[in-house]
Every structure is written in C-alpha cells, then in structure tokens.
Amino acid sequence: MGQAVLEIKNMHKAFGPTIALKNVDITLRRGEIRGLVGENGSGKSTIMSIASGMQPATSGEMRYKGNVWKPSSMIEAQEAGISMILQEANTIPGVTVAQNIFAGHEKEFSKFGIINMRKMYAAADKLLQDFGISHIRAADMINKYNFEDRKLIEIVRCVNEKTEILVVDETTTALSLEGREILYKLIHRMAEKENKTVVFVSHDMDEILEHCSVLTVLRDGDIVGELSREEMDAPGAVQKIRYLMVGREIGEKYYREDYDSSHQDEVALELQNITIGPIHNFSLKLHKGQIIGFGGLSGCGMHEIGRAAYGIDKLDAGKVLRNGREIKNPQTAIESGIGYISKNRDLEALILEAPIQDNIVLPSLPTLQKKGIITPASEKKMSDQEIESFRIKCGSGKQLVNTLSGGNKQKVSFAKWEAKNSEVIIMDCPTRGVDIGVKQSMYALIEQMKKEGKAILMISEELSELIGMVDELIIMKDFQVTKEFVRSKDLKQTDIIEYMI
C-alpha cells in the first residue's frame with residue numbers, strides 16, 4: 001500500500017434536512033486509482049468536492065500530506081495539488097482556449113501589467129500537444145469547440161506539475177471515445193509512473209473494473225464496502241458491487257430482450273433533405289413505435305442532427321416536419337409534442353436556479369390550465385408523481401435543481417418530458433451520469449414508450465446502449481452516414497466500430 005496522502009475522518013455534510021454524508025472515513029494513498037461508486041446522491045462527489053475546496057464540510061476533519069486540510073476554494077486546493085474535473089461544463093465563454101487553460105495564472109505571462117498573448121498561446125499549445133490533443137488550437141475562441149472538446153480543455157487546465165491528487169468526476173460521460181483514451185492514459189501515467197493519486201468517480205462498471213486499483217462503494221452517505229484489485233477481479237464482482245450500491249439485487253434484464261424492429265406505418269417526425277453546417281441533404285423518417293439510434297465519434301454530426309430536429313439550430317436548407325407542421329424552433333417543437341433531452345443539461349435542459357417542480361411542469365403548463373388558471377396543487381401533483389417515479393433524491397419539489405447531483409439532474413430532464421407525455425422524444429445521451437439502477441428503469445421506460453407508439457431518436461456515445469435498445473442504428477463519421485444496422489441479436493460492437501473510425 002502506498003503512503004497516505006489524504007485522510008478524511010468523520011466527514012458529515014448536510015444540505016438543510018438532507019444528509020449527504022454520514023461521518024465518512026476514507027484514506028487516499030499514493031500510486032492508487034481509487035474508484036468511487038454509488039447511486040445518484042450517494043455522496044461520492046460530495047466527499048471529493050469538499051476535499052477539493054468547492055464546499056465546506058458540516059463537520060469532520062481532513063489531513064493532506066500530514067497537515068490539517070481545510071481549503072477555502074478550488075483555486076487554493078489546486079495550488080496545493082488537489083484538482084477536480086467536474087461533471088458539467090466548466091469553461092469560460094467568450095475568451096480563447098489559452099485564456100481558459102491559464103485562467104487565474106495570467107501573471108505568468110504579463111510584464112508591466114500587459115499580457116504577452118503570443119507567449120500564452122505557445123505555452124497552451126505545448127500543453128495540448130503534451131496531452132495528445134492535436135486538433136485544438138490555443139488561439140481559437142472557446143465557443144468554437146463542442147462540449148467534448150471543452151471537457152478536454154478543462155482537463156489540461158486542471159492537471160499540472162503541482163497536481164498530487166486528481167479527481168475525475170463522471171468526466172468520461174462527457175468525452176468521446178478518443179477523449180476517454182486520452183484521459184485513461186493520463187490517469188495511469190499519474191498513478192503508476194508519477195506515484196500520484198487519482199480518484200475516479202463513475203457509473204460505468206466496465207471502466208471502473210478496467211482502470212481502478214481499489215474501489216470504495218457508497219450508499220445513502222455511508223461507505224458500505226471497499227474492494228481490492230483482487231476482489232474486483234473475482235467471479236461475481238459486478239453483482240456484488242451492484243448489490244452494495246443499491247442494497248438489493250439488480251435483475252438480469254437490462255436492455256430490451258426482443259429483436260423485433262417493427263413499427264407503425266405513421267411517420268411521427270420527418271427530416272427532409274436538411275442541410276446544417278457540414279451536414280448536407282440528410283433525410284430521415286421516424287415512425288410511431290420506432291427507436292432510431294445515432295452513433296459515432298465526437299464531431300461526427302449526430303448531436304447536430306438531434307439539435308436540428310428539435311429546432312435549436314437554424315437549418316441552411318430543408319425541413320423538419322411533425323404531422324405536416326414545420327419545426328423551426330423549440331417552441332413549435334414542444335407545441336407539436338416533441339421533447340428533447342440535451343447532452344448539455346446545465347445549459348440547455350434545466351433551469352438550475354429554479355425548483356425541481358418548476359422544471360418538471362414547465363413544458364406542461366398549457367395542459368395544466370383550467371379556464372386560464374393553473375393551481376399550485378396541480379403542479380405539485382404532477383411534480384411529486386415524477387419525483388417518485390424517477391426516484392429523484394431530494395427533500396421536496398421545492399428544492400433547487402442546482403443542489404442535486406448530476407444523475408438526479410438528468411432524472412429531472414427526463415421526467416419533464418414524461419410528465420408532458422410527449423409523442424416524440426429526442427434523447428441526446430439520455431443516461432449520462434445516471435447510476436445502474438436508474439439506467440435499468442430508464443431502459444424499461446423507453447421500451448414501454450415504444451410499445452405505446454411513441455417515437456424515439458436516441459443519440460448516444462455508448463454502443464452497448466444503442467445495440468441494446470434501438471430498432472435501427474445509423475452510424476456517422478465526418479458528418480456523413482457511413483452505415484445503417486437493423487436490430488439483431490448477432491450485432492456486436494466490433495461490427496460497428498470500423499464505420500466510426
């Protein structure tokens with residue numbers, strides 16, 4: 001076992017009446033990749049957000065490198081060697097890539113109060129190259145880059161020669177396959193070659209088992225188990241971890257078990273020869289009772305298709321039609337019975353400063369009206385029903401969305417369209433940051449939606465999810481369709497990857 005670098009004793013954290021951590025003890029050691037797993041709201045991110053200076057503990061103590069540790073900010077923590085890559089986007093809009101990377105460190109490039117931007121760009125470009133990121137340029141404006149690329153920029157900003165502990169909080173859910181490989185190489189280099197510490201928070205059991213050297217499991221603010229590498233390699237380890245996480249057996253059924261790709265004849269959503277940016281003359285018919293999936297690497301164009309179908313981004317040519325009505329913006333999409341779950345939920349799917357209840361009922365307000373009046377009781381009833389259905393971990397529907405864990409935020413973004421009873425739902429990475437128990441229930445809900453005749457467009461970077469759930473799979477590369485697959489029990493990830501790369 002490596003030398004202890006961070007010791008946490010009796011850490012307790014309360015958000016009003018909600019207890020996030022219950023006197024937790026944990027010791028992080030040099031040279032380890034420590035996995036942290038648990039259901040949404042189990043407390044795994046809360047522990048490390050306190051250690052990295054994002055928020056204070058209610059009580060308890062920490063010792064970092066033998067000294068009392070009580071950081072007042074993330075900047076203080078990073079300067080001392082503890083960096084945390086957050087789950088959500090955390091870049092500064094309206095400035096360059098280099099200014100994001102060196103935010104708070106501008107003095108390193110200034111003389112007499114004037115910043116030498118050429119020197120900053122050169123330093124940032126070198127860092128990007130050192131991380132193996134060749135397609136991002138330091139002098140470019142940050143707004144030029146998509147969600148996945150911005151996450152890579154955050155990684156470069158967070159990790160430097162001072163970093164002793166790197167906390168990776170559900171970061172891989174925001175990365176493409178190439179981005180994940182960059183991150184995996186980084187964490188193994190830090191732990192195995194530099195004798196540093198990595199804390200890996202994830203819901204992806206495959207990557208946890210592949211990359212972590214020790215695993216800590218949390219449930220409802222308590223540590224309920226710790227597994228060594230040998231225990232993680234033992235037969236039945238996945239089932240044991242799942243049981244520890246949720247306190248019950250997870251049934252065998254996960255994805256759909258049928259291989260019936262049939263659907264109704266009626267077209268629920270049609271894309272007619274749409275052109276948007278580098279995507280040219282793309283057409284698609286989505287039928288009632290059909291699930292069409294899109295897969296590919298970062299920048300392939302699949303996310304743009306979803307945004308165009310919902311009317312977020314203006315088309316250069318072509319039409320999006322729902323029952324003969326042209327969809328030109330999200331308002332007409334909602335009125336036409338289309339829902340959209342955005343990958344970038346904090347900016348596009350949720351109102352973070354508003355209560356859970358307001359977020360859930362917002363698309364349904366017109367249907368809640370009776371003689372022009374919406375009663376608080378009707379809003380509460382709808383919200384409470386979805387909170388219970390999705391097991392959203394909160395004190396009440398009045399709790400602000402920005403106080404929720406990432407997975408619970410995703411449940412809210414899903415719940416509002418279920419409450420609206422949307423006939424067409426565009427899902428862009430719908431299970432991002434969601435624990436295994438909730439994923440299972442979401443997949444069951446998606447399957448039920450198909451049976452009810454709803455039409456679903458599922459965009460995902462998880463090939464297993466697409467293979468397991470969709471009727472038809474469209475693979476894109478460089479903004480073009482390279483291959484289409486029909487649902488089959490013989491379809492494997494290896495059959496698909498060659499058309500993505």
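Here is a friendly chat about a predicted model of a protein chain.

Biologist: Hi! I'm new to this one. How many helices and strands does the protein chain have?

Modeller: Welcome! This is a predicted model, and its protein chain has 19 helices and 22 strands.

Biologist: What is the radius of gyration, and what would a compact globule have?

Modeller: The protein chain has a radius of gyration of 23 Å, which agrees with the value near 23 Å that a compact globule of 501 residues would have. Along the principal axes, its C-alpha atoms fill a box of roughly 65 × 55 × 50 Å.

Biologist: And what share of the residues count as buried?

Modeller: Of the 501 residues, 54% count as buried.

Biologist: What about contacts between residues at least 6 apart in sequence: what percentage join residues at least 24 apart?

Modeller: That is 67% of those contacts in the protein chain.

Biologist: Let's zoom in on a sheet. What is the order of the strands in the one with β13?

Modeller: The order is β14-β13-β16-β17, an open sheet of 4 strands with antiparallel pairing. β14 (279–287) and β17 (325–326) stand at the edges; each has a single partner strand, so one side of each is left without a neighbour in the sheet.

Biologist: Which helix packs on that sheet?

Modeller: Helix α10, residues 302–310, packs there and touches β13, β14 and β16 (317–322). The direction of α10 makes about 115° with that of β13.

Biologist: How many bridges join β13 to β14?

Modeller: Strand β13 (residues 267–276) is joined to β14 by 6 bridges, and the two run antiparallel. They form a hairpin with 2 residues between them, and G277 in the turn has a positive phi of about 60°.

Biologist: Which residue of β14 stands opposite I274?

Modeller: That's F282. Further along the pair, E270 stands opposite K285 in β14.

Biologist: What does E270 stand opposite in β16?

Modeller: In β16, E270 stands opposite L321. There, 4 bridges join β13 to β16, and these strands are antiparallel as well.

Biologist: Is β13 enclosed or open, and how many of its residues are buried?

Modeller: β13 is largely enclosed by the rest of the structure, because 7 of its 10 residues are buried.

Biologist: Why would residues three or four places apart in an α-helix point the same way?

Modeller: An α-helix has 3.6 residues a turn, so residues with that spacing point the same way.

Biologist: New topic: where is E164?

Modeller: E164 is in the loop between α5 (147–158) and β9 (165–169).

Biologist: Does E164 count as buried or exposed?

Modeller: E164 counts as buried, because its relative accessibility is 17% and the cut-off for buried is under 20%.

Biologist: Which side chain does the E164 side chain make a polar contact with?

Modeller: That would be the side chain of R30, at 2.8 Å. Leaving out residues up to four places away in sequence, E164 touches R30, Y64, K65, G81, K196 and T197.

Biologist: What about S383: where is it found?

Modeller: S383 is found in helix α15, residues 376–389. At 0% relative accessibility, S383 counts as buried. Beyond residues up to four places away in sequence, S383 touches Q357, I360, V361 and G397.

Biologist: Last one, E61. Where is its place?

Modeller: E61 is in strand β4, residues 59–64. At 48% relative accessibility, E61 counts as partly exposed.

Biologist: Which residues is E61 in contact with, leaving aside neighbours within four places in sequence?

Modeller: E61 is in contact with E7, I8 and K9. E61 and N10 are 51 residues apart in sequence, and their C-alpha atoms are 6.8 Å apart in space.

Methods:
Residues are numbered from 1 along each chain as its sequence is written. This is a predicted model: local features need pLDDT of at least 70, side-chain atom pairs count only at pLDDT 80 or more; totals for chains, interfaces and linings use all residues. Side-chain values use heavy atoms; hydrogens and water are left out. Two strands pair if DSSP finds at least two bridges between them. Contact means heavy atoms within 4.5 Å. Axes are lines fitted to C-alpha atoms, for helices over the stretch in contact, and angles run from 0 to 180 degrees between N-to-C directions. The radius of gyration is taken over C-alpha atoms; the globule rule is 2.2 Å times the number of residues to the power 0.38. Buried means under 20% relative accessible area, exposed over 50%, partly exposed in between (1.4 Å probe, protein chains only). A polar contact is a pair of N or O atoms within 3.5 Å; within protein, one must be able to donate a hydrogen and the other to accept it, and residues adjacent in sequence count only if both atoms are side-chain atoms.
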